[in-house]
Amino acid sequence: MPQLPIALPSQVPLSWYLILSVILFVTGAAGFLLRRNIITVFMCIELMLNAVNLTFIAFSHKLKQVDGNVFSFFVMVVAAAEAAVGLAIILTVFKNRSTLEVDEVSSMKL
Amino acid sequence: MDVVLFLLFASVAVGCAINLVLQTHPISSALSLIGVMGSLAVLYLLLGGEFIAAVQLIVYAGAIMVLFVFVIMLLNAGAEKRPTRKVLRTAVALPLLFTLAGVGAWLAATQTPKTDAVKFGAYTAGPAEVGRAIFTSYLLPFEVTSILILIAILGAIVLARKEI
Amino acid sequence: MEFIIITLVKMALTAFVLLTACAYLVWIERKVLAHIQLRPGPYFVGPHGLLQPLADLIKLLTKEGVVPASVNPFFYLLAPFLAVTLGLTSIVVIPFTPEFEIFGVKTAMGLTDLNIAVLFVLAISSLGVYGIAIGGWASNNKYSLMGGLRSASQMISYELPLALAIVAPLLLMNTLNFRTIIEAQSGYWFGVIPKWNVFAMPVPQIFSFLIFMTAGFAETNRVPFDLPEAESELVAGFHTEYSSMMFASFFMAEYANIITICCVATVLFLGGWHPLWPAGYGSDLVPPLLLAAAGAMLLFHAGQAVRWRSWDRFSFPVIGVIFLGLSGFFFIPLLKPILVPLFWFLLKAGFLIFVFIWIRGTLPRFRYDQLMRFAWTFLFPVAVVNLLVTGLLVALAGN
């Protein structure tokens, strides 16, 4: 059995979940800031929500309380509502300006 | 076993998340996001959130992302044009984001007790527990979200009308 | 270690049976449709076309898998893979028999016993749309794209009544575990009427069952809701550009989805492996008697085979003797507790699959706007009302 360079812990520390959540959140934020397609930007928001959900569930497990699960359930509900309205807005924007670039829809009026 | 599963699905999630940001075509990004959601569902299972893992797949991957894919297909959204004036933005944003990630990771690593390990099966939040919490202590928020959804439906219908 | 071996054996068995069933469903579907339309159907490969699936398989395997030049190759190849994988996955949570003991090992037919099995099936079936939608999009063809779009919107719309129809019997059962759901449906009202959920007190779930089956037709893209592949308008819909095994994958996924929907309906509404009437009135004798009757009929017909099908003189007696032998298995004490529940489960699921084919043979296709209006203005409100009434009656009966 070859020795691994890093000794793996037998159980996952809670901090690993939090670090994963941080990485996902920052990736989502990077996409949100750097991407120009409205739909992709919107998906990056969903990614950030997901990252936060992971934190909720991890803390729910740590505290042995169900509240974290309930919170992420609510986050999902809000995300669903947000997706319905957001995609309707994207459809309308595309209908009026025939573009999906965020920079080109910067003016309030046509 | 837990560690291996965690590392596997965490790396899938991170890989898919980075792929989401790097891909130029929205449908590739959408599929990467579905990958993130799927691996997060597995991690939720490891954390004992059985109900939320299933809901993650049903609501997020199965409904919200289908809507995204539907809209991308409907608009026939093509690949993003190559960025023209993104250098400055990238130069400012990336260091800030890396700082944020570093601070967040440092806090997570130092502020949680070293002994806090996540034992698989130590705590399970099945549908019964979550349902009891939603319909007792969280009844008011639950009802409020139903109104939120109603408003969202109305908003979506108004926005998607032909005249606007 | 023992657990791993048993699981591996069960996995191999399930995979083999499921894939064979998918292949033979094509044959059954063609035969049933043919008889509805007064034609013989596949007839020449093997006796009564029984080897037709094998011939089809060889044909599809040896065909060239064309990847058109204009497609997005990665997504084009990913789509059938996704469709067939997700289609075959759901079967792992279906329990086919109660727990039994064989060779000193306690086990049951059915791969896993999740306590969130219902949610698992819903999750996998809601992911199933990606195979079709992405396949339609990646083909870079307007007909395929229309098929993919229709499929995505249809799946989202019909998921709601499907889920609501599942929730209603769950109110009676108080569990999400399939095995417990089936066990709760044992017993008989007045000693004769089975306590299945369709006959449950205080609310018979017959409406939930009908809504579930209707939405199931839409979820599996079957006639009358097969708009994604409506051949009169869209050539072949989302799989227009597919050939060879990729095309076959979509078909396998469709049949696997049908099998899953029918098995879930059997579990949730038709009492799983519980027989139609009590064993005291001889329901255990039904399977061997049916098989023996089939065997005897084949032996009888062997003598009267028509002149131009002289090989029937050979094949009919062989199959008849096989059937008679199979009926004998039901009297072996070791196998009886496995085979009798399995027979009833498969009989119910098989009947539902037959209904799928029957409806394909008799109903015309909906128009697209009719399909959407039906989902949102009829099926969804009915499902909500059904759920509310069930909940109210369960609450009243509980007090």
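1. In this predicted model, 16 residues of chain B are in contact with 19 residues of chain C (contact: C-beta atoms, placed from the backbone, within 7 Å). Helix 3 of chain B (residues 50–75) gives the most to the side of chain B that touches chain C, namely 13 residues (helices are DSSP runs of H or I, at least four residues, and strands of E, at least two, numbered from the N terminus). That side divides into 13 nonpolar residues, two polar and one charged (Ala, Val, Leu, Ile, Met, Phe, Trp, Tyr, Cys and Pro are nonpolar; Asp, Glu, Lys and Arg are charged; the others, Gly among them, are polar).

2. Chain A contributes 62 residues in contact with 72 residues of chain B. On the chain A side, helix 3 of chain A supplies the largest share, 22 residues. By class, the chain A side holds 44 nonpolar, 12 polar and six charged residues.

3. Strand 1 of chain A and strand 1 of chain B (residues 117–118) run antiparallel and are joined by two bridges (pairing requires at least two DSSP bridges). A:P13 stands opposite B:A117.

4. Within chain C, the axes of helix 8 (residues 206–219) and helix 10 (residues 244–269) come within 11 Å and cross at roughly 170° (axes are lines fitted to C-alpha atoms over the stretch in contact; angles run from 0 to 180 degrees between N-to-C directions). The two helices of chain C are therefore roughly antiparallel (over 145 degrees). The residues of their contact comprise six nonpolar, two polar and one charged.

5. Residues are numbered from 1 along each chain as its sequence is written, and chains are lettered from A and ligands numbered from 1 in the order written. Local features need pLDDT of at least 70 and side-chain atom pairs count only at pLDDT 80 or more, whereas totals for chains, interfaces and linings use all residues.

Notes
Contact = placed C-beta atoms within 7 Å. Parallel < 35°, antiparallel > 145°, perpendicular 65-115°, else oblique.
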